[in-house]
Amino acid sequence: MSIIEVKDLEKVYKTSDKESGIIGYIKHLFHPKYKEFKAVKKVNFSIEEGELVGYIGENGAGKSTTIKMLTGLLTPTSGKVIVNGKVPYENRIENNKQIGAVFGQKTQLWWDLPVIESFRLIKKMYKIPENEYRKNLKKFSALLELDELLNKPVKNLSLGQKMRCEIAATFLHNPKIVYLDEPTIGLDVLVKERIRKFIKDINKEKNTTVILTTHDLKDIEEVCDRIILIDKGSIIYDGEKQTFKDTYGKQVLAQISIKNKNALITNETIEDEFEVIEETEDFLKIKFNHDKTTIMNVVNKISNFCEIVDMHVQEQGLEEILKEIYRGEVVC
Amino acid sequence: MTKIKDNISIYLSMLVCSIKSMMEYRVDFIVGIISQLLTQVVELIFIWIVFQNTESLAGWTFDKLLLLYGITMLTIAIVDFLFDSIYDIGPKYIKDGDFDKLLLRPIHPLISVMGDTKTFTAFGYMAISLVLIISMLIKLQINITFMLIAKIIIFAFSGALIIGAIMIAFSVTSFYTYKSNEIIWSVFRIYTFAQYPVEIYNKFIRILITFIFPFVFATYYPTLNYLGMENGWLMYLSPIVAIIFLIIAVKVWNWGLNRYRSTGN
Ligand SMILES: Nc1ncnc2c1ncn2[C@@H]1O[C@H](COP(=O)(O)OP(=O)(O)OP(=O)(O)O)[C@@H](O)[C@H]1O
Ligand SMILES: [Mg+2]
């Protein structure tokens, strides 16, 4: 049995379709009209204990909606979620004991209290045994450099400091599953690094299952082994990160400075060996597939039309691949 | 049962933390007390003026009336202290999107809301109520026994729970409108009826504050009891009313929460 099972999960948001003005308001009171919007469509996946999963997709793809259903914040319109044997939206409080969650910049810490007091309340709330609490506090303080922050009230912390404390608070009770919805938003490179390392370390040590949502694909590159890609509410890829890159990232982008061009390079004349994206008198931007051809072949072909002055070749990273998928240039 | 015990235990810890952080806001603290004192003094002057032309109001002398007023203020002080953050659910927690984090904790969200309180007016109510209660008990020559003090404290809490339960029930409107605080406030203000003897009201208001919003159990009946008047025994129903209303309130609230979680807005 997987630790997280998601079956045919759907969420339909109903938003009231009010006409403006007082008359519209009164009309709405008697004949409420609703617009329906399906944010998550027949989503299926299962996640094993200890996996580090990146849940990615464009703005509005349905990531947060899915995470909210996994955590029990939202009740699905249809379908089922089982997390470690529990149905989160039916048994929310029981489920809360085994999970940790971060939602963007919203803090679960008490605004007016020193960080350490928040930690103590969390300890009490989750009934963390004293020795376990001490051990974790010591370890997290070292990994996230919290020592100087613990006695400051949360309201006086910077965003990065707050997020470090937030992450520590989230893992304090040794949750089996942690959901991180854009935990690195607005943070500087060093804090991001620290948080990524922390997640990896804890995962290795405690086999914590982590689902991570982010728009910073470096988070995914560094932390996750598996990617689930959601687009307009549907899963379009689910599998190993490496496989994803190998499958969709065979494209190589080359920017070539040229001179003495003697003919227009159309896609017909080069027999589809590569694809021309941009072409001027002295510049060429092309794309080709690793599987189908080699750089030497491409250079040979181009040499028939012009002289090559300089060439800059770029392999596709996660970011470029996703851009193409979002633009619809590559289909999963 | 252990669930309730856990919730109460964490609630008390949170309350202690809240009090600690309230202490940091000294200015608000003092302003809160003074503003409440002023409001109440104006009200008392008004009562005093009424009594310049009459010996008694529906059989109540000025002193007895002030005792009732003091008992009411004591209950309201406790309500204000324990339930003030109920007003924040709509305009603060839900509007700012902070409500979700409460739903992720392993305790009931109401405990989280109530544990994170910051009220400064409660101490104003408390001060004026203590002055009124003590001075009127002396003036009316009622023996201040340990038993009486215990009763006053216990039934002030019991009454506060009744009013708190009503506020919780009406805070279910937070799931529909950010302005829920205004709705809760207008229900809460019904207490002002109960700080005067019910004899002065018509049938409608009597029914309202006895059966629908039973504020009389929080103020009027206990005062009858302390004054040794007829019907004073009705005070002992107060804890039962409190428990029934609390159970109903939490049920209503949970229902609202479930609805909120399925619509997502
Ligand atoms: N409460 C709501 N009521 C109505 N529509 C909603 C609600 N919440 C989200 N939506 C819509 O559902 C879709 C999915 O939203 P969701 O927040 O899940 O996206 P996301 O993938 O997390 O996006 P982002 O990367 O911007 O955080 C969006 O089109 C959004 O407008
Ligand atoms: Mg989101």
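Phe170(B) is partly exposed, because its relative accessible area of 28% falls between the limits for buried (under 20%) and exposed (over 50%), as computed with a 1.4 Å probe on protein chains only. The structure is a predicted model, in which local features need pLDDT of at least 70 and side-chain atom pairs count only at pLDDT 80 or more, while totals for chains, interfaces and linings use all residues. Residues are numbered from 1 along each chain as its sequence is written, chains are lettered from A and ligands numbered from 1 in the order in which they are written, and side-chain values use heavy atoms, with hydrogens and water left out.

Rings of Phe, Tyr and Trp (its six-membered ring) are taken as a pair if their centres lie within 6.5 Å, and the planes are called stacked under 30 degrees apart, edge-to-face over 60 and tilted for the rest. By this rule, the count over all chains is 25 aromatic pairs. The pair of Phe170(B) and Phe213(B) is tilted, because the planes meet at 45°, with the ring centres 5.8 Å apart. This pair links distant parts of the chain, 43 residues apart: Phe170(B) belongs to helix H8 of chain B, and Phe213(B) to the loop between helix H11 (203-212) and helix H12 (220-226) of chain B. Helices (H or I, at least four residues) and strands (E, at least two) are DSSP runs, numbered from the N terminus. Ring pairs also join Tyr25(B), Phe29(B), Phe81(B), Phe120(B) and Phe123(B) into a cluster.

Charged side chains meet rings as well. A charge is said to sit over a ring if NZ of Lys or CZ of Arg is within 6 Å of the ring centre and within 35 degrees of the ring normal. Lys92(B) lies over the face of Tyr93(B), 5.1 Å from the ring centre, and Lys123(A) lies over the face of Tyr133(A), at 5.5 Å from the ring centre.

How confident is the predictor in chain B? On the pLDDT scale, which gives the confidence in each residue from 0 to 100, chain B averages 92, and 100% of the residues score at least 70. Confidence in chain B is highest in helix H8 (residues 146-170), at 97, and lowest in strand E1 (residues 56-57), at a mean of 85. The model as a whole scores ipTM 0.88 and pTM 0.87.

Ligand 1 lies between chains A and B. A residue is near the ligand if one of its heavy atoms lies within 4 Å of it; of the 16 residues around ligand 1, Gly60(A), Lys63(A), Ser64(A), Thr65(A) and His215(A) come nearest. Polar contacts are pairs of N or O atoms within 3.5 Å; within protein, one atom must be able to donate a hydrogen and the other to accept it, and residues adjacent in sequence count only if both atoms are side-chain atoms. Oxygen atoms of ligand 1 lie 2.6 Å from a polar side-chain atom of His215(A), 2.7 Å from one of Ser64(A) and 2.8 Å from an N or O atom in the side chain of Asn59(A).

Turning to chain A, Glu10(A) is found in strand E1 and is buried, at 10% relative accessibility. The Glu10(A) side chain reaches the backbone nitrogen of Lys42(A) at 3.1 Å. Contacts (heavy atoms within 4.5 Å) of Glu10(A), leaving aside residues up to four places away in sequence, include Lys38(A), Val40(A), Met69(A) and Pro76(A). Asp8(A) is also placed in strand E1 (residues 4-16) of chain A; this residue is partly exposed, at 27%, and has a positive phi of about 45° although it is not a glycine.

His173(A) sits in the loop between helix H6 (159-171) and strand E6 (177-181) of chain A. Is His173(A) buried or exposed? His173(A) counts as buried, at 12% relative accessibility. A polar atom of the His173(A) side chain lies 2.8 Å from the backbone oxygen of Ile99(A). Beyond four places in sequence, His173(A) touches residues including Asn96(A), Gly100(A) and Tyr126(A).

Leu217(A), in helix H8 (residues 217-223) of chain A, is buried at 10% relative accessibility. With residues up to four places away in sequence not counted, Leu217(A) touches Ile56(A), Leu318(A), Glu319(A) and Leu322(A).
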